[in-house]
Structures are given as C-alpha cells and as structure tokens.
Amino acid sequence: MEAQQLVFSLPHTQLRGQSWSNDESDAPVLIALHGWLDNGASFLQCLPYIGGYRCLAIDLAGHGLSDHRGNGSFYHLWDYVQDVVYLIRQQQGPVVLLGHSLGGAVAILVAAILPESISKLIVLDSVGPLVEKATERVTSLVKAIKSMHVNAGRSVKGYDSMDAMIMARSQGFTSLSMEAAEHLVVRGSYQGSDGKWFWRHDSALKFPSPYKMDEESVREFMAKITCPTLMLFAEQGLFSSDDVRLQERVEQIPVVVTKWLPGNHHFHLEPITAPAVRAEIQRFIRQNNYE
C-alpha cells in the first residue's frame, strides 16, 4: 500500500509524516512515534497492515523530513511531548498511541497527561524515559552545555554513497539488517550538491541531555496511565526479562499486558520478526476495541 505524505503545522513548528488507511477517512487514528535517530519509516513493516485505522507515522522534530529545533536548542523529552499533544488535538476523537524506544518514552508521558485522548497505548522495546539522580544533574548540565558550544557549527560528515550510509546505519548503536537499515536511510538522508550523502537529522540530537527525570517521577507518570497498555520487548533488544527496574516500572501501569518476542531492538522493522510484532498489535487492538 502506497503511503500518503503529510505535513502537520503546529503553532511552533512543522512535522512531516506518512499515512496508511484501508478504510474510510473518518476511521479512528493511530499515531506512531519512532526512536532516536530513526524516522517514520521505522513502521513500514507494521502500519500498512493494520486495518480499521488511519495510521500516521510521524517524523519527530529534528528527524526525517520534519523541521529542526532552532539553533542553540536541545531536544528535550517534554518538547516532544508538547509536539505530540498538539498533533493529537488536531485529530477527531481518542487515538491509539504507538511508540518505539524514544517514541515509547514520549508516548508514556503523553498517555499520562492526556488520558481522555488516548484509547490504547502500545510501547515497543521501551520502558520510559532515561533517568538520573539529583547528584548527577550538575555534571549532566555541564557536559551538555560544553558539547553544544564545542560542536555547534561543526561540519557534518558526508558519505560517498547511500549504500555506505546503509552499512553505517546497520552497524550503529543498535545493529539491524541491511534491509531494515535501508528503510531508515532512504527517508533519513539526502544527496548534497557535491555528490556526497548526508543525514537529514539534526546533529544536535547527539548532544547529551542537559536534564533527565528521576526514577520516582517516571513511575508517577506511569501510574497515571488509564488506558489499556501493551508493552512488547525484543529478546535481543535493550532489556532483559530479569531487569528489576523494568519490572518495577511496568507494575505501575494499572492495565498492562507485556510480552517478549524474538528479534533485535528494531524487531518491528525487521522483515523476519515484524509479522509477529504486528500480529500482537492487531490482537491487542481487537481485544480492546470497545470505544
């Protein structure tokens, strides 16, 4: 199914995305939020197969085809939350919110503060925001400001070919197959006038965060989620089933189903493992379609 390319005008920025729908234009909406340094193509193996919904895969600010933040800006988690809240308020009726990795952390916070607008929450290989202790915050802010000042305006590395970018992406922070990497690179790159290939994402995304939440705050947000929630974890992903923090966070959500599935951190994008992921998503949606 061919995706429709969309532009979402918010009061302070523009986001781009893709849409798939097998049904009428007034179908309920599912909004998908990708992970750090990814883009909406992260959901190409899932969203086109979900019937009954108008599925929107958003490029978060600074990623893919969406606008970057202004010069000198950090990419705060709560700014993503604000973007998504504006986007949800442009829709009619409650939405299903789906988030992977960073997008999962954003989705968790949105579901907590906007419960009346979220009918279902689906989180892929994420258990919420990264945290730090109060005693670490001065050091974190120092590192973030220093990184911003040292790296701002620094020239960006170009690649000789798109194939070279695909290889680099497949061997990144979280490894993935060449086929999965290609989806992300096609949407997340461009060819410059010198023939070199460059990433579309804002290089400021790689600056360390100046401020993280603490564990108590994250758990409080998770406890405020009222909608049915599905959390799928990758067996070769970022977490392990005996992760105490994961278990304690999941327990905060009043109505939650968890399941571990084969695959790496991008198990929803990998051709081999994506069918199982989307099957679980479809099953969860069917079982909770009472709105």
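This is a predicted model: local features need pLDDT of at least 70, side-chain atom pairs count only at pLDDT 80 or more; totals for chains, interfaces and linings use all residues.
User: Where is Phe173?

Analyst: In the loop between helix H4 (162-170) and helix H5 (178-188). Helices here are DSSP runs of H or I with at least four residues, strands are runs of E with at least two, and both are numbered from the N terminus.

User: Switching to H8. What span should helix H8 have, and how far apart are its end C-alpha atoms?

Analyst: H8 covers residues 274-287, which is 14 residues, so at 1.5 Å a residue it should span 20 Å; its end C-alpha atoms are 20 Å apart, which agrees. The expected span is 1.5 Å times one less than the number of residues.

User: Which H8 residues are buried?

Analyst: Ala274, Val277, Arg278, Glu280, Ile281, Phe284 and Ile285. They sit on the same side of H8, because they cover an arc of only 155° around the axis. That arc is taken over the directions from the helix axis to the C-beta atoms.

User: And what's on the face turned away from the buried side of H8?

Analyst: Exposed residues Arg286 and Gln287. The buried residues of H8 have cover that includes S3, S5, strand S6 (118-124), strand S9 (229-236) and strand S10 (256-264); contact means heavy atoms within 4.5 Å.

User: Glu280 is a charged one on that buried list. Which residue does Glu280 form a salt bridge with?

Analyst: Arg283, with the closest N and O atoms 2.9 Å apart. A salt bridge is a side-chain nitrogen of Lys or Arg within 4 Å of a carboxyl oxygen of Asp or Glu. Both residues lie in H8, three residues apart, about one turn of the helix. Glu280 is buried at 12% relative accessible area, and Arg283 is partly exposed at 34%.

User: How many salt bridges are there in the whole structure?

Analyst: The search finds 14. One of them joins Arg69 and Asp83, with the closest N and O atoms 2.8 Å apart. Arg69 is in the loop between S4 and helix H1 (77-89), and Asp83 is in helix H1, so this pair links distant parts of the chain, 14 residues apart. Both Arg69 and Asp83 are buried.

User: Which residues are linked in a network of salt bridges?

Analyst: Glu215, Arg219, Arg245, Glu248 and Arg249. Within that, Glu215 and Arg219 meet at 3.0 Å, N to O. They are four residues apart in helix H6 (residues 215-223), so about one helical turn separates them. Glu215 is buried at 16%, while Arg219 is partly exposed at 24%.

User: Next up, His266. Where does His266 lie?

Analyst: In the loop between S10 and H8, and buried, with 1% relative accessible area. Leaving aside neighbours within four places in sequence, His266 is in contact with Asp38, His100, Arg169, Thr174, Leu176 and Leu184.

User: Last topic, backbone angles. What is phi for Leu37?

Analyst: Near 65°, a positive value in a residue other than glycine. Most residues other than glycine have a negative phi. Leu37 is in the loop between strand S3 (29-33) and strand S4 (54-58), and is buried at 19%. Ser101 also isn't a glycine and has a positive phi of about 55°; its place is the loop between strand S5 (95-100) and helix H2 (102-113), and at 17% Ser101 counts as buried.

Notes
Residues are numbered from 1 along each chain as its sequence is written. Side-chain values use heavy atoms; hydrogens and water are left out. Buried means under 20% relative accessible area, exposed over 50%, partly exposed in between (1.4 Å probe, protein chains only).
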